[in-house]
Amino acid sequence: MSGPISERTAPSGASMVRFRAGLAAAGLLVLAGCVAAFLVSPFVSVPAGVAAGGLAGVLVAGPAHRTALVPVVTVAALVSLAATILVPEPLPPSVQWFGLFELAGLLWLIVLVVRLAPARQAVAVGLLASAAQATMILRAVRGWSLLDQVGSVGFWALGAVCAALGGTYLRSLDSTRERAVREARRTQRLALARDLHDFVAHDISGIVVQAQAARAVAAQRPEAVLDALARIEEAGLAALSSMDRTVHMLHDPDEDSAEGGAEPPGAADTGRAVAPGVADLPELLDRFAAGGSGPVRLHLPPDLAAAIPREIGSTVHRVVVEALTNVRRHAPLDSAVTVLLTRGDGDASTLTVEITNQRVGPGRTDAPVDGGERRGGLGLVGLAERVQALGGTLSAGPYGRAGWRTTAVLPLSTGPSTGRAGRGDDRGDHPVTRGRE
């Protein structure tokens with residue numbers, strides 16, 4: 001059962017079928033109660049048929065039509081109270097057993113309305129149904145003394161109290177679950193926002209490098225500007241793709257269910273909801289090398305690529321993106337970059353990802369390519385949180401001569417990956433030939 005009934009969803013064809021089935025079940029039980037009035041007292045058969053029919057109708061109709069719960073419980077309670085008030089004499093024991101149907105129906109309706117109705121309606125209608133359930137015993141003890149009647153009503157009220165407490169407990173569980181879902185969605189959206197920052201920052205830094213290079217060679221080599229513009233266009237499209245994919249993943253699934261579960265047009269065809277993984281590393285490094293930062297090499301054994309699960313692969317991709325972004329921002333322009341993926345030392349269940357860069361051009365300056373005054377971002381901080389959430393570790397620091405090394409150690413699952421990482425099975429060492437010599 002879902003949350004409060006005020007949260008409506010658009011009824012689909014299947015829900016309308018269930019609604020008609022619930023309406024039919026309720027009508028049959030109410031009719032049965034009316035027909036039974038010819039065999040037993042109508043003051044017990046009719047309210048029993050209404051209570052049992054209302055319960056059956058609500059349960060069969062399903063969550064999409066539980067907005068009818070409050071009026072159904074209200075009608076059942078009023079019919080029960082009317083029968084209690086109008087009964088002319090105590091009911092004989094031979095027909096009192098029929099009231100068990102009414103008792104069960106009212107108790108379950110109390111549970112449902114307390115759990116699912118909006119707060120004010122849950123209190124008001126719950127009290128009304130509880131009063132009807134507690135006082136129905138008066139039909140059998142009408143001739144008793146006032147004290148005995150009050151005692152009987154008080155004893156029967158324990159059933160309503162237990163039903164209300166049960167509904168309140170289930171309501172609290174629903175509220176806890178909804179808060180947990182909201183918090184999980186918030187956490188995921190924050191993580192996706194960090195992903196968007198890291199991926200787009202990588203592409204934008206590439207655009208900046210290409211624009212700087214084009215401006216530097218425009219006077220002497222105008223033809224090189226066209227090549228730089230093509231690379232700028234490619235990096236811009238990659239940034240747009242990252243934003244599009246992230247926005248699609250941020251889309252609230254509840255909105256889809258409210259619209260019948262339909263996906264945005266083309267979502268299934270473009271595959272934009274799939275986060276980049278290990279299989280995308282060669283393409284990523286190709287684009288990085290095209291920026292002219294220096295030679296780049298990827299070492300990824302085929303058997304290891306097949307063993308990396310998708311959730312680990314997306315984190316590996318993020319680690320490499322962040323490392324390459326830092327290389328562009330802070331390393332010398334002539335840097336040899338090596339991306340090494342290996343199994344952990346003596347531990348086949350862990351993956352070590354190491355990204356290093358070494359200066360190879362003695363004539364270059366060590367100044368950052370985008371200026372040294374830019375304040376550090378939260379890329380490594382967010383990345384460390386994500387790696388730690390997977391049970392791994394992340395470290396980064398100076399390496400060699402004017403170099404930098406980023407190392408992540410991540411756990412591996414025992415089974416082979418079934419995701420996109422498997423596309424990299426045919427790759428071992430991947431030299432990128434478009435870097436500056």
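Leaving aside its neighbours within four places in sequence, T352 is in contact (heavy atoms within 4.5 Å) with L340, L341, T342, R343, G344, T407, A408 and V409. T352 lies in strand β3, where strands are DSSP runs of E of at least two residues, helices are runs of H or I of at least four, and both are numbered from the N terminus. T352 counts as buried because its relative accessibility is 17%; buried means under 20% relative accessible area, exposed means over 50%, and partly exposed lies in between, with a 1.4 Å probe and protein chains only.

The model is predicted: local features need pLDDT of at least 70, side-chain atom pairs count only at pLDDT 80 or more, and totals for chains, interfaces and linings use all residues. Residues are numbered from 1 along each chain as its sequence is written, and side-chain values use heavy atoms, with hydrogens and water left out.

The protein chain contains 14 helices and six strands. Of its 437 residues, 42% are buried. Among contacts with a separation of 6 or more, 80% join residues 24 or more positions apart.

In soluble globular proteins, nonpolar side chains tend to be buried together. A nonpolar core is a set of buried Ala, Val, Leu, Ile, Met, Phe, Trp, Tyr and Cys residues joined through side-chain atoms within 4.5 Å. The largest one here has 31 residues, and V316, V320, L341, L351 and V353 touch the most other members. Several elements each supply at least two residues of this core, among them α11, β2, β3 and β5. Helix α13 gives the largest share, eight residues. Apart from its neighbours within four places in sequence, V316 is in contact with V278, L281, L341, L351, V353 and L410. A second, separate core of 27 residues includes V50, V70, L103 and I110.

Attention now turns to a pair of helices. The axes of α1 (residues 13-36) and α2 (residues 42-61) come within 7 Å and cross at roughly 170 degrees; the axes are lines fitted to C-alpha atoms over the stretch in contact, and angles run from 0 to 180 degrees between N-to-C directions. The two helices are therefore roughly antiparallel, a term for angles over 145 degrees. Residues making the contact include F19, L29 and C34 of α1 and V46, V50 and L59 of α2.

The structure holds zero disulfides, a disulfide being a pair of cysteine sulfur atoms within 2.5 Å. C34 is partly exposed, at 36% relative accessible area, whereas C162 is exposed, at 55%.

Terms used
Parallel < 35°, antiparallel > 145°, perpendicular 65-115°, else oblique.
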